[in-house]
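Visitor: Please take me through one part of this model in close detail. Start there, then show me how the rest of the chain relates to it.

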Amino acid sequence: MARIVCGGALDRSNSSYWNGTIPWVTAKDICDARINDSLEKITEFGLKESASNLLPVGSILVPVSMTLENVVINDVLVAINKDLKAIIVESPDFDSHYIQQFLLSKANNLEVGFKEEMKNGHATEILADIEIPLLPLEEQRRIALILDKADAICKKRRATLNLADDFLHSVFLDVFGDPVTNRKEWPIPPITAQERYLQIHNKIVSIREKLANELTQSNFLFDSLVASVFTSSEAA
């Protein structure tokens, strides 16, 4: 069905390994569902010396120290360091995005000991022992597409909540200035400024609470959807 590939290591003191054109993916690059680039690049010579290989597009990358909560797919050819494992899907009967979503669905259900084993160097064995339900290929793709869209909605609401937090801070600075430097030279905030700030503050807090509640509901619905989808597929 698939094979699991380990990452490599490179000597940072050897300049001939670095600043090439090959993306060198590490755990620091794992911040979204897709990998299109990396913070560091290596040379062809560095690749040969790293004990790593170029991974085909569509490989599933798992950071061994971060458990299954961070599972991504590469959209470009990459090499990985020793802190990552790659699952290369070789069977035409499985869709990479389906496997990615299945692994993500298991993240919240892992026992603590399971997570500790991932961190203690047993990632290859653990990944190899996970049983993935074999559904018709079109059904796999349909499930992956639905979960991708639902996850995107959760991420947008999370980003909106972060923007609301940033906006509240910006409003405070706009009205009162930096309280540390007090560049507006206010001995005490004028009453009118206090009232203005309180009005804006209360409004933003209300909006933030609404967004936070919507995000909580979205996360709950997403988790319920994932559980329902994969519980049904495992039972089948």
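Guide: Helix α5 covers residues 137–176, and both R141 and E138 lie in it, three residues apart, or about one turn of the helix. The model is a predicted one. R141 and E138 form a salt bridge, with the closest N and O atoms 3.2 Å apart. Take the accessibility of each partner in turn. R141 has 40% relative accessibility, so it counts as partly exposed. E138 has a relative accessible area of 55%, so it is exposed.

R142 forms a salt bridge with E139, and here the closest N and O atoms are 2.8 Å apart. R142 and E139 are separated by about one helical turn, because they sit three residues apart in helix α5. R142, at 44% relative accessibility, counts as partly exposed. E139 is partly exposed too, with a relative accessible area of 28%. Salt bridges with shared partners also join D95, E138 and R141 into one network. As background, side chains of opposite charge can pair when their charged atoms come close.

Further along is K156, also in helix α5. K156 counts as exposed, because its relative accessibility is 61% and the cut-off for exposed is over 50%.

Now the nonpolar side of the account. The largest nonpolar core has 20 residues. Those with the most contacts inside it are I60, Y98, I99, L103, I132, I143 and F230. Helix α5 is one of the elements that give two or more residues to this core; the others are β5, β8, α2 and α6 (191–235). The largest share, four residues, comes from α2. A second, separate core has 12 residues, including I35, V72, L84 and I88. In soluble globular proteins, nonpolar side chains tend to be buried together.

The structure holds eight salt bridges. One of them joins R3 and E90, with the closest N and O atoms 2.6 Å apart. This pair links distant parts of the chain, 87 residues apart. R3 is in strand β1 (residues 2–6). E90 is in the loop between β8 (84–89) and α2 (96–107). R3 counts as partly exposed, at 41% relative accessibility.

Next, a sheet. Three strands form an open sheet in the order β4-β2-β7, with mixed pairing. β4 (40–42) and β7 (79–80) stand at the edges, each with a single partner strand, so one side of each is left without a neighbour in the sheet. Strand β2 (residues 18–25) pairs with β4 in the antiparallel sense, over four bridges. W18 has I42 in β4 as its bridge partner. Strands of a sheet pair through backbone hydrogen bonds, either parallel or antiparallel.

W18 also belongs with the aromatic rings. The count comes to two aromatic pairs. In one, the rings of Y17 and F45 have their centres 5.5 Å apart and their planes at 45°, so the pair is tilted. Y17 lies in the loop between β1 and β2, and F45 in helix α1, so the pair ties together parts that are 28 residues apart in sequence. Y17 counts as buried, at 10% relative accessibility. F45 counts as partly exposed, at 41% relative accessibility. In the other pair, the ring centres of W18 and W24 are 6.4 Å apart and the planes are at 90°, so the pair is edge-to-face. Both W18 and W24 are buried.

Last, the surface. L54, V57 and L77 make a nonpolar surface patch of about 260 Å². L54 is placed in the loop between α1 (44–49) and β5 (60–63). L54 counts as partly exposed, because its relative accessibility is 38%.

How values were computed. Residues numbered from 1 in each chain as written. Predicted model: local features only at pLDDT ≥ 70, side-chain atom pairs only at ≥ 80, totals over all residues. Heavy atoms only, no water. Patch = residues over 30% accessible without salt bridge, like charges linked within 9 Å, V, L, I, M, F, W, Y side chains within 5 Å. Areas by Shrake-Rupley, 256 points an atom, 1.4 Å probe, with all protein chains shown as cover. Salt bridge = Lys/Arg side-chain N within 4 Å of Asp/Glu carboxyl O. Buried < 20%, exposed > 50% of the residue type's maximum accessible area, 1.4 Å probe, protein only. Pairing = 2+ DSSP bridges. Phe/Tyr/Trp six-rings, centres within 6.5 Å; stacked < 30°, edge-to-face > 60°. Core = buried A, V, L, I, M, F, W, Y, C linked by side-chain atoms within 4.5 Å.
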